[in-house]
Amino acid sequence: MIALDILTDGLFAAIAGIGFGAISDPPLRAFKMIAILAAIGHACRFCLMTYLGVDIATSSLFGALVIGFGSLWLGKGIHCPMTVMYIPALLPMVPGKFAYNMVFSLIMCLQTVDEPDQFGKYMEMFFSNSLIASTVIFMLAVGATFPMFLFPGRAFSLTRH
């Protein structure tokens, strides 16, 4: 059952990664790699959060590192820049639930200005969701770009034969 959960998570992340990749119009040879990176990175985050109890920000960092190093490694074979592969692969890991709750709580906070108890509750929800969403997005960016700083010569030579 655990393996099925991991494979399902990876499959849905791969489908989402392909969809996000289609928006940015990469070469056709990159779609398979985008799907692989999205599936492995998201499954890594899923496993860390579900089975090891790691928080979403740290799990996202490790998932993004997997995607970043994977795009460095797979990009050489298909002669594509890292960004062509890792940006669509990262997008399924953006914390949409927390971003939605952040905007919702802000709207509710503005609608309950005259009710101090409700206002405080929604203000707390806003800051909590904002902190989580921004931290996860920051960790995704750090994890995906870290391989470029670690191997600068290799990262920019992926498109050369």
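**Group meeting: helices, core and cysteines of a predicted model**

I begin with C109, which is buried at a relative accessible area of 2%; buried means under 20% relative accessible area, exposed over 50%, and partly exposed in between, with a 1.4 Å probe and protein chains only. Please note that this is a predicted model, in which local features need pLDDT of at least 70 and side-chain atom pairs count only at pLDDT 80 or more, while totals for chains, interfaces and linings use all residues. Residues are numbered from 1 along each chain as its sequence is written, and side-chain values use heavy atoms, with hydrogens and water left out.

Let me stay with the cysteines. A disulfide is counted here as a pair of cysteine sulfur atoms within 2.5 Å, and by this rule the count is zero.

I turn now to the interior. A nonpolar core is a set of buried Ala, Val, Leu, Ile, Met, Phe, Trp, Tyr and Cys residues joined through side-chain atoms within 4.5 Å. The largest one has 25 residues, and those with the most contacts inside it are L37, I67, I78, M85, Y86, L90 and L140. Which helices supply at least two residues each to this core? They are helix 2 (31-51), helix 3 (56-78), helix 4 (82-90) and helix 6 (116-150). Helix 3 gives the most, with seven residues. Helices are DSSP runs of H or I with at least four residues, strands are runs of E with at least two, and both are numbered from the N terminus.

Next, helix 2. Its 21 residues reach 29 Å from the first C-alpha to the last, close to the expected 30 Å, where the expected span is 1.5 Å times one less than the number of residues. Its buried residues include F31, M33, L37, H42, R45 and L48. Helix 1 (2-24), helix 3, helix 4 and helix 6 are among the elements that cover the buried residues of helix 2. Just after helix 2, G53 takes a positive phi of about 75 degrees.

Two other positive phi values deserve mention. Most residues other than glycine have a negative phi. D25, in the loop between helix 1 and helix 2, has a positive phi of about 55 degrees and is exposed, at 65% relative accessibility. H79, in the loop between helix 3 and helix 4, also has a positive phi of about 55 degrees, and H79 is partly exposed at 25%.

Within helix 3 lies S59, which is buried with a relative accessible area of 0%. The side chain of S59 reaches the backbone oxygen of D55 at 2.8 Å. Leaving out residues up to four places away in sequence, S59 touches R45, L48, M49 and V54.

Finally, helix 6. Its 35 residues should span 51 Å, and its end C-alpha atoms are 50 Å apart, which agrees. Even so, helix 6 has a kink of about 30 degrees at A144, shortly before the proline P147; the bend at a residue is the angle between axes fitted to the seven residues ending there and the seven starting there. Both A144 and P147 are among the buried residues of helix 6, as are Y122, N129 and L140.

Conventions
Contact means heavy atoms within 4.5 Å. A polar contact is a pair of N or O atoms within 3.5 Å; within protein, one must be able to donate a hydrogen and the other to accept it, and residues adjacent in sequence count only if both atoms are side-chain atoms.
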